[in-house]
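Please consult the sequence and the coordinates shown here alongside the text.

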Amino acid sequence: MTRYYESDLAIARLAEAVLDCSLPKAQWTHAAHFATALWLMRHRPDWVLPQRMPAIIRAYNEATDTPNTDTSGYHETITQASLVAARAFLEAAEPGTPLHLLVDRLMASRLGDPQWLLAHWSRERLFSVAARRAWVEPDLAPLGAIPRA
């Protein structure tokens, strides 16, 4: 299994760099998105991530010269679906499992493929302006059918 982060400390540093907008853009990968979400879920349980994550990502994008437009940057449906998937993955894991191991397992699952959402949304629907701006329900399969840890 591929190792994405060597320790939970590495994930904490990653998440903190996203929060303070100092993470180099090249490090904001698919794995980094999930690692950050999992860290926030575990270490900021008082945060309502579906409400807070949009502002976090938009601010990070702006800091890294990624415009948040109808064709680039922040994408509401992808963000919210990914939070649902990450939450389900975390809740299915044995309590106390190190996050760096959970990230490795998550990335080894179907969620590790950046195209995983296309099992739930048609490409046209997922990449529409409407889905970028606001939550759009899946048109192919319910989101509840996601892999568990």
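This is a predicted model: local features need pLDDT of at least 70, side-chain atom pairs count only at pLDDT 80 or more; totals for chains, interfaces and linings use all residues.

**Helix H2**

Helix H2 covers residues 30-43, which is 14 residues. From its first C-alpha to its last it reaches 20 Å, close to the 20 Å expected at 1.5 Å a residue. The helix is mostly covered, with 10 of its 14 residues buried. These buried residues are Ala31, Ala32, Phe34, Ala35, Thr36, Ala37, Leu38, Trp39, Leu40 and Met41.

**Crossing of H2 and H5**

The axes of H2 and H5 come within 10 Å and cross at roughly 135°; the two helices are therefore oblique to each other. The crossing of H2 with H5 is right-handed. On the H2 side, the contact is made by His30, Ala31, Phe34, Ala35, Leu38, Trp39, Arg42 and His43. H5 contributes Leu99, Leu102, Val103, Leu106 and Met107. Sorted by class, this contact has 10 nonpolar, two polar and one charged residues.

**Asparagine 61**

Asparagine 61 lies in helix H3. Is this residue buried or exposed? Asparagine 61 counts as buried because its relative accessibility is 6%, and the cut-off for buried is under 20%. Leaving aside residues up to four places away in sequence, asparagine 61 touches Trp28, Thr66, Asn68, Gly73 and Tyr74.

Terms used:
Residues are numbered from 1 along each chain as its sequence is written. Side-chain values use heavy atoms; hydrogens and water are left out. Helices (H or I, at least four residues) and strands (E, at least two) are DSSP runs, numbered from the N terminus. The expected span of a helix is 1.5 Å times one less than its number of residues. Buried means under 20% relative accessible area, exposed over 50%, partly exposed in between (1.4 Å probe, protein chains only). Axes are lines fitted to C-alpha atoms, for helices over the stretch in contact, and angles run from 0 to 180 degrees between N-to-C directions. Angles under 35 degrees count as roughly parallel, over 145 as roughly antiparallel, 65 to 115 as roughly perpendicular and the rest as oblique. A crossing is left-handed if the near helix is turned anticlockwise from the far one by less than a right angle, and right-handed if clockwise. Contact means heavy atoms within 4.5 Å. Ala, Val, Leu, Ile, Met, Phe, Trp, Tyr, Cys and Pro count as nonpolar, Asp, Glu, Lys and Arg as charged, and the others, Gly among them, as polar.
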